[in-house]
Amino acid sequence: MDRWWQGAADLVLGACCPLCEAPGGRVCRRCAASLPPEPVHVAAGDLEVVAAGVHAGPRRDAVLAWKLRAASGLDPLLAHHLAAAVLTLVGDAEAVTLVPVPSTRRSRRERGRDLVADLAVAAARDLTGIGLHGSARRCLRLVRQTADQHALGREERALNLARSMRATALPTGPVVVVDDIVTTGSTVREAVRALASRGDVEVLGAAALVVAEQGGPAVAGHPVDGLRSR
Ligand SMILES: [Zn+2]
């Protein structure tokens, strides 16, 4: 549903939980309780990647609602999930900078905002709230067009993304690269390559909301408008 229409409908009908019919514009307590973060570690070469859960069942529904409908009512819950994934990577660090993978111009236009960047800001705020100095910095940008990732295999994804990003600045201190969905790890690995090519940077790993199920349905297997990985 278009955002303007959703806003108008909320005014007339009352805002609902984005995952059920409960009143209120945010995720209701019942839905939140049914979706706790369940961090899973993912092999992505020598990069440590942690996702807050597997892209299946209600968690998949929540991520797709957030990604395809830009349902901002899901932001607090998903930011909490991302923060939980980041926490498993930081060890004794007292501060961490979250670096979101860059989104395409098309994605920002379609969704009206940069979903992953917004998520990074909210997750950094959550981390600060529990005593870790969290910040978010958009210091990566795309330097060329890439094809939609969802129909590509592992090697094709890596080729599609190779040298597609550039770091415009380098954060100081420990860094965690963040994304929403990790499939093969190609995107977060390209982000780390772009950061490292600019200078010394302490990358603790990458964190995501979900990891695609091995052998499961395609991450992008949603019929609405062809989910892109960014
Ligand atoms: Zn609900």
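**Close-up views of a predicted zinc-bound model**

**View 1. Four donors surround the zinc ion in a tetrahedral arrangement.** The 4 donor atoms subtend angles of 102 to 116° around the zinc ion, so the arrangement counts as tetrahedral. For comparison, the ideal angle for four tetrahedral donors is 109.5 degrees. The model shown here is predicted. The donors are the SG atoms of C17, C20, C28 and C31. They sit at 2.3 to 2.4 Å from the zinc ion.

**View 2. The largest nonpolar core has 64 residues.** Those with the most contacts inside the core are L74, V86, V96, L98, V176 and V178. Helix 4 (residues 75-90) gives the largest share of this core, with 9 residues. Domain 1 (1-34) and domain 2 (36-211) each supply at least three residues to this core. In soluble globular proteins, nonpolar side chains tend to be buried together.

**View 3. V178 and the residues it touches.** Leaving aside residues up to four places away in sequence, V178 touches L82, V86, L98, V99, P100, V101, V116, A120 and A207.

**View 4. The whole protein has 8 helices and 8 strands.** Of its 230 residues, 49% count as buried. Among contacts with a separation of 6 or more, 74% join residues 24 or more positions apart. The accessible surface comes to about 11,300 Å². Carbon and sulfur atoms account for 52% of that surface.

Note on methods:
Residues numbered from 1 in each chain as written. Predicted model: local features only at pLDDT ≥ 70, side-chain atom pairs only at ≥ 80, totals over all residues. Heavy atoms only, no water. Donors = N, O, S within 2.8 Å, 3.2 Å for Na, K, Ca; no water. Tetrahedral: all angles 85-135°; square planar, octahedral: opposite > 155°, others 65-115°. Helix = DSSP H or I, 4+ residues; strand = E, 2+ residues; numbered from the N terminus. Buried < 20%, exposed > 50% of the residue type's maximum accessible area, 1.4 Å probe, protein only. Contact = heavy atoms within 4.5 Å. Areas by Shrake-Rupley, 256 points an atom, 1.4 Å probe, with all protein chains shown as cover. Core = buried A, V, L, I, M, F, W, Y, C linked by side-chain atoms within 4.5 Å. Domains from an automatic or database assignment.
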